[in-house]
Amino acid sequence: MIELIAVSLKTQVQEIEPAIHYWVAMPQPENHLFEVTLHLVGYPLPILDLKMPVWTPGSYLVREYAKNLQNFAAFAGSKPLNWRKISKNHWQIEKGDVSEVVLRYRVFANELSVRTNHLDATHGYFNGAALFLRIPGWEEQAIHITIVPPHPEWQITTGLSSITEETNTFLAADFDTLVDTPFEIGKHQLFHFEVLGKPHELAIWGQGNCKPQKMLEDFKRIIEHEAQIFGDLPYQKYVFLLHLFNQAYGGLEHKNSCSLLYDRFGFRLKDKYERFIQLVAHEFFHLWNVKRIRPKDFEVFNYDQENYTQSLWFCEGTTSYYDLIIPLRAGIYDIKSYFHHLDQEITKYQLTPGRNVQRLSESSLDAWIKLYRPDANSGNSQISYYLKGEMVSLLLDLLIRSRHHSQLSLDDVMLKMWEQFGKAEIGYTPEELQEVIESVAGMDLSDFFKSYIHGLDDLPFNDYLEPFGLQLVEECEQEPYLGVKIKTEYGREIIKFVEMGSPANIVGIDAGDELLAIDGIKVGTSQLNDRLHDYQPYDTIQITVFHQDQLLNYSVSLGKEHPTKYQLQPVKNPNTTQEENFYGWLGVQLSSF
């Protein structure tokens with residue numbers, strides 16, 4: 001008899017259709033608390049495990065989202081259920097044989113970034129990893145999300161499809177999709193536009209000096225030119241979420257949307273607007289490179305810990321290479337602007353001492369502990385996989401083009417990666433990535449990868465630029481070398497960086513010291529370079545600082561001038577092949593540069 005009852009209960013549980021439904025309310029948005037309710041039906045085990053992700057794909061740092069969760073409670077009907085916390089992001093509920101469980105919790109949301117949550121009187125914005133709990137073993141289950149706005153005039157914008165028969169309710173195919181789709185809720189501006197027969201939306205929260213209609217036209221150009229590389233747009237609808245905030249910058253990619261954070265008044269000046277367009281081009285390019293063309297290490301995400309890969313140089317660095325060149329191809333800016341931005345990137349790379357310390361593949365692995373956690377020594381010990389990956393991608397594009405007279409290029413690498421891995425969303429290994437690049441280049445690139453990705457050899461820019469009629473020229477300001485960077489903070493001149501081996505470093509001047517005077521006369525951030533111009537290399541000067549509140553004087557022997565800028569320039573009397581290569585690369589005559 002007992003066995004028959006047990007079999008009957010098991011059959012009933014199996015007949016219950018599993019269901020996950022989240023409600024997200026914000027009844028008092030001023031208190032920055034999202035109120036989340038999870039209605040779970042059909043979970044078969046007596047102990048229910050729930051975990052909150054510690055990171056979100058695309059932002060490679062453990063961010064401990066569980067720190068913002070509070071007021072956790074679980075119920076079967078109106079009956080409270082016992083629960084306990086197992087670890088920082090892991091809860092267990094003793095549900096017994098009940099078929100329906102209701103969870104309630106709050107999440108504090110007052111961090112405005114593309115990877116976190118923000119709720120105030122003007123809007124609510126959230127990322128799935130920072131708001132929702134994962135049910136281990138049920139990651140493939142479909143999830144309903146119902147939004148309960150605090151005011152009837154607040155609208156909801158997201159890349160998820162809505163369920164028409166349920167008010168403000170959306171469907172995520174699985175947990176990965178939920179994590180990958182942010183929500184914007186509020187009175188934001190919303191613009192609809194079509195590109196290549198597919199609908200797009202732009203939601204803008206915040207006040208600023210952007211001109212939406214101009215932005216939309218430029219967005220269309222970016223979308224069209226990036227789609228040309230891959231042959232099509234792999235989505236049914238795409239959503240841009242733009243947040244305007246003071247002195248802000250950031251972006252996070254998703255499969256059919258992206259979040260953008262930019263300076264509210266950063267759209268009037270030409271250089272700043274072009275930087276914004278590069279951000280858009282970067283995040284949109286990611287819908288192919290990273291979201292679909294992704295390393296084997298990211299084929300299945302582990303939301304409980306770091307996910308290591310050596311290939312972020314390609315994920316981010318190659319995307320950075322394209323975010324500069326796509327606006328040129330799209331006619332948003334001209335060749336002079338392109339080289340202006342490329343010069344800045346090369347200068348930044350060349351003036352980073354850490355490029356001689358950290359390998360590019362190592363930079364990718366160390367993203368979790370270094371890139372997003374800069375300190376006073378970062379410039380001496382690290383190189384960004386964004387930055388060096390961009391430089392390596394430039395060299396690879398030039399190499400392929402020069403060997404094949406621009407009939408093949410890095411575009412063909414991207415297309416082949418899309419055809420071979422992206423369409424089926426099969427992760428690639430570092431070896432497979434190298435094989436694809438070699439197949440397009442038509443040569444063995446083992447030495448290239450050994451030297452520039454897995455090694456510390458200097459990048460030979462001029463060797464790769466010369467076939468295109470270009471050379472990289474270094475410029476030096478006529479001032480002796482000290483080796484510090486300073487910044488004004490609350491009226492104090494703080495030394496933020498001291499280059500290893502520099503005159504300042506040799507005598508013991510330290511990052512964090514307050515710079516007071518040179519040779520007994522007060523000096524500020526804006527005056528330092530001018531003051532150094534009054535001296536010659538190898539002169540000895542007295543530098544006065546506060547070091548940990550102690551007044552100290554250092555005798556510093558200045559060094560010889562160091563390069564301060566790098567610039568691409570045409571070679572003298574370029575030949576016909578160089579002219580043709582340049583045109584094949586950038587679509588303009590070398591003489592126009």
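In the predicted model, strands β11 (residues 143–148) and β14 (residues 169–172) pair in the antiparallel sense. Four bridges connect β11 and β14. Within this pairing, Ile145 has Phe170 of β14 as its bridge partner. Both strands belong to an open sheet of eight strands. Its order is β5-β4-β8-β2-β1-β11-β14-β13, and the pairing is mixed. The edges are held by β5 (79–80) and β13 (161–162). Each has a single partner strand, so one side of each is left without a neighbour in the sheet.

A further open sheet has five strands, also with mixed pairing. Here the order reads β16-β17-β18-β20-β19. The edge strands, β16 (189–195) and β19, each pair on one side only. From one strand to the next, the twist averages 15 degrees. The β16 strand runs antiparallel to β17 (residues 198–205), and seven bridges join β16 and β17. Helix α3 (residues 212–230) lies across β16, β17 and β18 (238–245). The helix runs at about 35 degrees to β16.

Helix packing was examined next. Two packed helices are described by the angle between their axes and the distance between the axes. For α6 and α16 (residues 576–586), the axes come within 13 Å. The crossing angle is roughly 90 degrees. Angles of 65 to 115 degrees count as roughly perpendicular, and α6 and α16 are therefore roughly perpendicular to each other. On the α6 side, the contact involves Ile335, Tyr338 and Phe339. These residues meet Phe582, Trp585 and Leu586 in α16. By class, the contact of α6 with α16 has six nonpolar residues, no polar residues and no charged residues.

Rolling a probe the size of a water molecule over the atoms shows where empty space is left. The largest pocket holds about 1700 Å³ of space. Its lining comprises 47 residues. Of these, Tyr249, Arg275, Lys348, Ser384 and Tyr386 lie nearest the centre of the pocket. Several helices and strands each supply at least two lining residues. The helices are α4 (270–285), α5 (312–329), α6 (335–350), α8 (378–381) and α9 (385–404). The strands are β19 (249–253) and β23 (492–498). The largest share of the lining comes from α4, with seven residues. By class, the lining has 16 nonpolar, 16 polar and 15 charged residues.

Helix α6 supplies at least two residues of the pocket lining, and its axis crosses that of α16 at roughly 90 degrees. Strand β19 likewise supplies at least two lining residues, and β19 is an edge strand of the five-stranded sheet.

Methods: Residues numbered from 1 in each chain as written. Predicted model: local features only at pLDDT ≥ 70, side-chain atom pairs only at ≥ 80, totals over all residues. Heavy atoms only, no water. 1 Å grid on protein atoms, 1.4 Å probe; cavity = no way out; pocket = protein on both sides within 12 Å on 5 of 7 lines; lining within 4 Å. Points joined across faces, edges and corners; volume = space filled by probe spheres on them. Nonpolar A, V, L, I, M, F, W, Y, C, P; charged D, E, K, R; others polar. Axes fitted to C-alpha atoms, helices over the stretch in contact; angles between N-to-C directions. Parallel < 35°, antiparallel > 145°, perpendicular 65-115°, else oblique. Contact = heavy atoms within 4.5 Å. Pairing = 2+ DSSP bridges.
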